[in-house]
Amino acid sequence: MSTSNRSLPTPLRSTLGDKWAAAIISGILGLAAWWLVTVIFPRGLFPGPIETVNASVELLASGIVWTHMEATFFRTFLGFIGAFFVGGALGVAMGINNFGEHFSTPIIIIALSIPGIAWAAITTIIFGFGVAAPVVATAVTVFPYISLRIWKGVEDIDPDLVRMSRSFDISKVRLLRRMILPSIAPALFTAVRFGLAISWKIETQAEIFASNSGVGYRAIEAFSRYQYDTAMAWAAVFVVIVFLLEMAVLRPLERKVFAYRKEADFGVL
């Protein structure tokens, strides 16, 4: 199919542009699919969009959302920071020499093979209720994904530049700061966005086992009391806030950092 055929104008696309038209159409289709699912179940068992919005408004009006949202965000960022440092170190080690690759590969394979929910149970047994269990569960689940992306970013560095740097006896710290980090900046951003996306999920799962606060804890508490609309509202509010964080912080930051790469289309990442 030619490009011109794929770009046939429609009233919505011609008015709003491809980006917003696609977003609106996908949103409408998503809400329609959600509503169709609610029709299958008995009334009240599976909340639809309207019931979820009403319950979300009540949660926001009560003010209780922000206390638990703050707890979830705090633990998520702690876990993500731990995952980023561990995953980044292993990823760089794997990319710069064979020993690092052979050393790190079994660790990453084993870590990838263990589900996040299992890590949540394990860390709860080790650390008990509190901050440590969900934070550690998030970190150990997310770091292998970050390692793999940074590893591939380091591998793409021109080996001639590395050999030239070594021939001039440049220190490893300077090599990392002046050549490796700028070269793997796109991989780092991808790792950050992907790592955060996984961190939200693992943190909320871990809160079911290991915490008495947070969005995951409140959602499962509402579910156990048969308050399905409230449980869905906790999830919906959380998704909206994470989406706004992505659109208002991460994407603008990424565009600013890579402003010099005019040819790149970061909107599709």
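# A walk through the helices

Val192 is buried, at a relative accessible area of 19%. Buried means under 20%, exposed means over 50%, and partly exposed falls in between (1.4 Å probe, protein chains only). Start your tour by selecting this residue.

The model is predicted, so local features need pLDDT of at least 70 and side-chain atom pairs 80 or more, while totals for chains, interfaces and linings use all residues. Residues count from 1 along each chain as its sequence is written, and side-chain values use heavy atoms, without hydrogens and water.

Stop 1: Keep Val192 selected. Helix 11, residues 185–210, holds Val192. The C-alpha atoms of Val192 and Ile146 are separated by 7.5 Å. Along the chain, Val192 and Ile146 are 46 residues apart.

**Stop 2: the whole fold.** Zoom out and switch to cartoon view. How many helices and strands does the protein have? There are 13 helices and zero strands. Helices are DSSP runs of H or I with at least four residues, strands are runs of E with at least two, and both are numbered from the N terminus. Follow the chain and the pattern reads α-α-α-α-α-α-α-α-α-α-α-α-α. Next, colour by accessibility. Of the 269 residues, 36% count as buried.

**Stop 3: two helices side by side.** Select residues 64–96 for helix 5. Axes are lines fitted to C-alpha atoms over the stretch in contact, and angles run from 0 to 180 degrees between N-to-C directions.

**Stop 4: the largest pocket.** Stay with helix 5. Select Val92, Ile96, Lys172, Leu176 and Ile180. Of the 18 residues that line the largest pocket, these five lie nearest its centre. A pocket is an open set of points on a 1 Å grid where a 1.4 Å probe fits, with protein on both sides within 12 Å along at least five of seven lines; a lining residue has an atom within 4 Å of a point. Which elements give two or more residues to this lining? They are helix 5 and helix 10, residues 172–183. The largest share comes from helix 5, with six residues.

**Stop 5: Ser104.** Now jump to helix 6, residues 98–113, and select Ser104 there. Ser104 is buried, with a relative accessible area of 0%. The side chain of Ser104 reaches the backbone oxygen of Gly100 at 2.9 Å.

**Stop 6: Gly216.** Go on to helix 12, where Gly216 sits. Is Gly216 buried or exposed? Gly216 is buried, with a relative accessible area of 7%. In sequence, Gly216 and His68 are 148 residues apart. Their C-alpha atoms are separated by 9.1 Å.

**Stop 7: Tyr226.** Walk on to the loop between helix 12 (215–224) and helix 13 (228–257). Select Tyr226, which has its place in that loop. Tyr226 is not a glycine, yet its phi is positive, at about 65°. Tyr226 counts as exposed, at 64% relative accessibility.

Key:
A polar contact is a pair of N or O atoms within 3.5 Å; within protein, one must be able to donate a hydrogen and the other to accept it, and residues adjacent in sequence count only if both atoms are side-chain atoms.
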